Amino acid sequence: MTCFMEEDRSRNLLSLLKRRGIIFPAFEVHGGVSGLFDYGPVGGRLLRKVQQAWVDHFLRLGNIVVIDSPTLTPHSVLEASGHVGAFNDHASECAACNAVFRSDHLLETHHSNPDSLAAAELDGLLAEHEVACPSCGEQNWQGARPMNLMFSTRIGATGGGRQAYMRPETAQGMFLAFPYLYRHFRSRLPFGAVQVGKGYRNEISPRQGMIRQREFNMAELEYFIDPQEPLNLDLSPWNDRPFNLVPDPQGPAPDPSQLTIADAVASGVVRDATVGLFMALTHDFLVAVGCDPKRIRFRQHEGDEMAHYASDCWDCELHGAYGWIETVGIAHRGCYDLEAHEQATGSKELRAWREFDEPQSVVKDVLVPIGGVIGPAFRDRASQVNEALAALEHLPESLPFELTLGSGEVVTIEQNMVEARRIEEVARGEWFLPHVIEPAFGMDRIIWHIVDHAHEETEKEGEPYVILHLAEGVAPYDVSVLPLFEKDGMGEMARALNQRILGIRGIQSQYDSSQSIGRRYARADEIGTPWSVTVDHTSLEDGTVTVRRRDDQQQIRVGQDDLCDHLARGSVSSLFS
RNA sequence: GCGAGCGUAGUGUAGUGGUUAUCACCGAGCGUUGCCAACGCUUGAACCCGAGUUCAACUCUCGGCGCUCGCACCA
């Protein structure tokens, strides 16, 4: 029964979203494309406001900047990041029952690294090891086919050109901006960059409405830290708010619990304090944009679910019409990403400098080549000899001695060719790869849940009535201005007031005069407009207007100046006692 | 991707091998009313796309696209 009603509710919500121009399937006139959606005339502003609230929320940390990088990404970047491998799996289909499996999963027990194999090799191994279909037990595989989850394209208009993909995440742009970020922050960790934008994944079959899309809005934060720097994060501001935690069932505290973030970090349930900090900040954000705290939980990745480089990973899940859905992933990525790009490119700019407390002096015995002797003696091999001498870890017991060159060739070094010297090198610090904490937000999933949590179906005088209790900060329209009746000058006064309100920075107002006043209130409630302002007969006499609060339909009367001041300061609610 | 079901105004729906279609809400205009989806009049708007069968297809068949569910995939 509850299940049925829940299904009903989400169907009603879906048609509301379409009817009121919030979210609807894209390109419907052409038949629609699965996995693509429009934010409409009302939803467009909802999306922008949520995105802006997100950016503002994290900029408040003070050491965060916003960047914006291309969605079009060259092959080499995504190869280095591991996406080309991870997103280019092969699938094998059972000819008997049509079940589809990832080819490498089928071969896991027969090959150490099936991920790396080509289609023909996969087919060969499936046959050789007589792998049966897990679903029907037959051994009748169709040829393995690549499933490329990235949208592929080429950079260059005349064919040829460079292989590229539409980015599957925004993160790589931030990793590769590291040298600029490092300079901007005057070479001092920790700092972070955020980016809000589109990501693309060519899903095999997108389902569940906007929960899984082919083009989606993401918001990601990369927070760069020095892993050796002692953390002194103050998590006590969240001590009054225990969070719902679902820890790794194989971990030390496997049972779901309610813990403050400080306790969770202190007891090791959350393994990293910075991860804990971002969990708390994530929670704050979701509540600020209108998610119900009771329907927010954090779930820790199980050991085998976590990417190999990550040391801790928590998903923030929201509960709604589709059950618990992952909306934010907060991962400790170690130095994986920067290291991967460093290795792929040889760049030396992806590191940060760590000053030692005390300069460390290293005393070293070396053999300094004497060029005047080495040169004539070895001629074109002289530079190899010099390199080999410089690379010596231990000096030979005595001279002459046999020196192995980089080429493998062995030469004899005579006493007169080198000078033994003791040198002292002072190291003031070292270059290291920063570690990264990455909170990654799926904006569309968050917006779905904002709307879901805000959507109230109630009754008014026996009739069904819908109110979208959107948080003031994200509501598409802040206010709607309604003349009680469009005559005797009420229409003119209301239009003038509407125009005046539109002049307030960041405030959107909607003038509505069609049909009865009750119907107009209902329309405003349905798209979540928090305030309705009505110009009535009294307004004509003394200039005051009434303000109606969406959430309880309470009404008060105020002067127009007063109203505009409060709208500008975002304090309209203080007008109500 | 496979299987099952489905696809009719903005939304929710009715219905039929025979003059392109029901109802409600919805939207617009005018009037009455004058603070919570009021009333009257007028008006707007749909058979997913394509092929086939047929004298005739919104209706039957096939294909495509889309939606829902299950399996699989994915986070």
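Predicted model: local features only at pLDDT ≥ 70, side-chain atom pairs only at ≥ 80, totals over all residues.
Let me begin with the charged pairs. There are 28 salt bridges in the structure, and I have picked out a few of them to look at one by one. In one of these, the side chains of arginine 9 and aspartate 452 come together with 2.6 Å from N to O. Arginine 9 belongs to helix H1, residues 2-19, while aspartate 452 belongs to helix H14, residues 443-454, and this pair links distant parts of the chain, 443 residues apart. Both arginine 9 and aspartate 452 are buried.

A second pair joins arginine 354 to aspartate 226, and here the closest N and O atoms are 2.8 Å apart.

Now consider arginine 495 and glutamate 486, which form a salt bridge whose closest N and O atoms are 3.1 Å apart. Buried means under 20% relative accessible area and exposed means over 50%, so arginine 495, at 47% relative accessibility, counts as partly exposed. Glutamate 486 also counts as partly exposed, because its relative accessibility is 39%. Finally, Arg297, Arg299, Asp315 and Glu317 are linked to one another in a network of salt bridges.

Let me turn to the nonpolar side chains. The largest nonpolar core has 64 residues, and within it Trp54 and Met279 are the ones that touch the most other members. Helix H10, residues 273-288, supplies the largest share of this core, namely eight residues. If we set aside the neighbours within four places in sequence, methionine 279 is in contact with Leu245, Ile261, Val270, Phe298, Trp314 and Ile330. Another core lies apart from this one, with 21 residues that include Val479, Ile501, Ile504 and Ile556.

How many cavities of 30 Å³ or more does the count give? The count comes to one, and the largest cavity holds about 40 Å³ of space. Its lining is made up of Pro247, Pro252, Ala253, Gly268, Val269, Arg271 and Gln300, and these lining residues divide into four nonpolar, two polar and one charged.

Technical notes. Residues numbered from 1 in each chain as written. Chains lettered and ligands numbered in written order. Heavy atoms only, no water. 1 Å grid on protein atoms, 1.4 Å probe; cavity = no way out; pocket = protein on both sides within 12 Å on 5 of 7 lines; lining within 4 Å. Points joined across faces, edges and corners; volume = space filled by probe spheres on them. Nonpolar A, V, L, I, M, F, W, Y, C, P; charged D, E, K, R; others polar. Core = buried A, V, L, I, M, F, W, Y, C linked by side-chain atoms within 4.5 Å. Buried < 20%, exposed > 50% of the residue type's maximum accessible area, 1.4 Å probe, protein only. Helix = DSSP H or I, 4+ residues; strand = E, 2+ residues; numbered from the N terminus. Contact = heavy atoms within 4.5 Å. Salt bridge = Lys/Arg side-chain N within 4 Å of Asp/Glu carboxyl O.
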